[in-house]
Amino acid sequence: MCLLCCKDVRPFDIVSGAGFLDYSQTLLKIGAAYGNLNVKDLLPHSTTISRNIKKEADILRKTLISKVQPLIETRQCSASTDMWTDEYKHLSYTIMTLHFINENWELESKVLFTSEFPDDKKTAFNIKRELNHKMRELGLNGDVLSKITFVT
């Protein structure tokens with residue numbers, strides 16, 4: 001484990017993460033079933049992983065939108081946003097999280113999107129313009145932002 005953290009410059013607690021543990025368990029199952037394999041023959045290319053993650057995110061996002069669109073239309077959805085700047089590339093990002101009560105009367109919070117914010121001043125007008133633009137990209141057209149209560 002030490003070499004994993006040192007060679008790839010990863011945090012020490014990477015080995016405690018649920019994703020790493022699931023991944024490691026999958027590798028152990030494959031090894032138990034098929035014996036000693038060359039890991040390079042087993043693992044997909046990073047481009048394949050990236051492409052599949054984007055597809056999976058699109059599917060999950062469409063499912064979420066179909067779930068919350070009626071809630072938005074009936075003004076039963078709230079949202080919070082956050083903005084930050086990457087300290088290395090100095091790129092700005094914004095995130096929008098939706099909050100709603102599900103069919104079991106439990107509060108759910110789901111990230112709708114995280115996207116790069118243009119190199120503009122972070123004024124209320126520019127933030128609203130970008131949020132509207134992103135909502136249109138997601139197929140939530142019209143004056144959808146006026147139907148969402150924003151929590152700050």
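## Close-up views of a predicted model

**View 1. Here is where strands β1 and β4 meet.** Strand β1 (residues 77-85) pairs with strand β4 (residues 149-150) in the parallel sense, over 2 bridges. This is a predicted model, so keep that in mind for every view.

**View 2. Now look at T149, a residue of strand β4.** Is T149 buried or exposed? T149 counts as exposed, because its relative accessibility is 51% and the cut-off for exposed is over 50%. Leaving aside residues up to four places away in sequence, T149 touches C77, S78 and A79. How far is T149 from L112? In sequence they are 37 residues apart, and in space their C-alpha atoms are 15 Å apart.

**View 3. Strands β1 and β2 make a hairpin.** β1 and β2 pair in the antiparallel sense, with 9 bridges between them. Two pairs are handy for finding your way: A79 has L98 as its bridge partner in β2, and D82 stands opposite I95 in β2. Between the two strands sit 6 residues, and in this hairpin H90 takes a positive phi near 60°.

**View 4. Strands β2 and β3 make a hairpin too.** Strand β2 (residues 92-101) and strand β3 (residues 107-117) run antiparallel, and 10 bridges join them. How much of β2 is buried? The strand is mostly covered, with 8 of its 10 residues buried.

View 5. In what order do the strands lie? The 4 strands form an open sheet in the order β3-β2-β1-β4, and the pairing is mixed. At the edges stand β3 and β4; each has a single partner strand, so one side of each is left without a neighbour in the sheet. Helix α4 (residues 46-73) packs on this sheet, where it touches β1, β2 and β3. The direction of α4 makes about 115° with that of β3. As a bit of background, strands of a sheet pair through backbone hydrogen bonds, either parallel or antiparallel.

**View 6. Helix α5 and its residue K134 come next.** Helix α5 lies across β1, β2, β3 and β4, and runs at about 105° to β3. K134 has its place in this helix, which covers residues 124-137. Why does K134 count as buried? Its relative accessible area is 17%, and buried means under 20%. Not counting residues up to four places away in sequence, K134 touches F113 and S115.

**View 7. Last stop: the largest pocket.** How much space lies in the largest pocket? The answer is about 270 Å³. The lining is made up of 11 residues, and the closest to the pocket's centre are L4, F20, Y23, S24 and L27. Helix α2 (residues 18-34) gives the most to this lining, with 5 residues. Sorted by class, the lining has 7 nonpolar, 2 polar and 2 charged residues.

How values were computed. Residues are numbered from 1 along each chain as its sequence is written. This is a predicted model: local features need pLDDT of at least 70, side-chain atom pairs count only at pLDDT 80 or more; totals for chains, interfaces and linings use all residues. Side-chain values use heavy atoms; hydrogens and water are left out. Two strands pair if DSSP finds at least two bridges between them. On a 1 Å grid over the protein atoms alone, a cavity is a set of points where a 1.4 Å probe fits but cannot get out, and a pocket is an open set with protein on both sides within 12 Å along at least five of seven lines; lining residues have an atom within 4 Å of a point. Grid points are joined across faces, edges and corners, and a volume is the space filled by probe spheres set on the points. Ala, Val, Leu, Ile, Met, Phe, Trp, Tyr, Cys and Pro count as nonpolar, Asp, Glu, Lys and Arg as charged, and the others, Gly among them, as polar. Buried means under 20% relative accessible area, exposed over 50%, partly exposed in between (1.4 Å probe, protein chains only). Contact means heavy atoms within 4.5 Å. Axes are lines fitted to C-alpha atoms, for helices over the stretch in contact, and angles run from 0 to 180 degrees between N-to-C directions.
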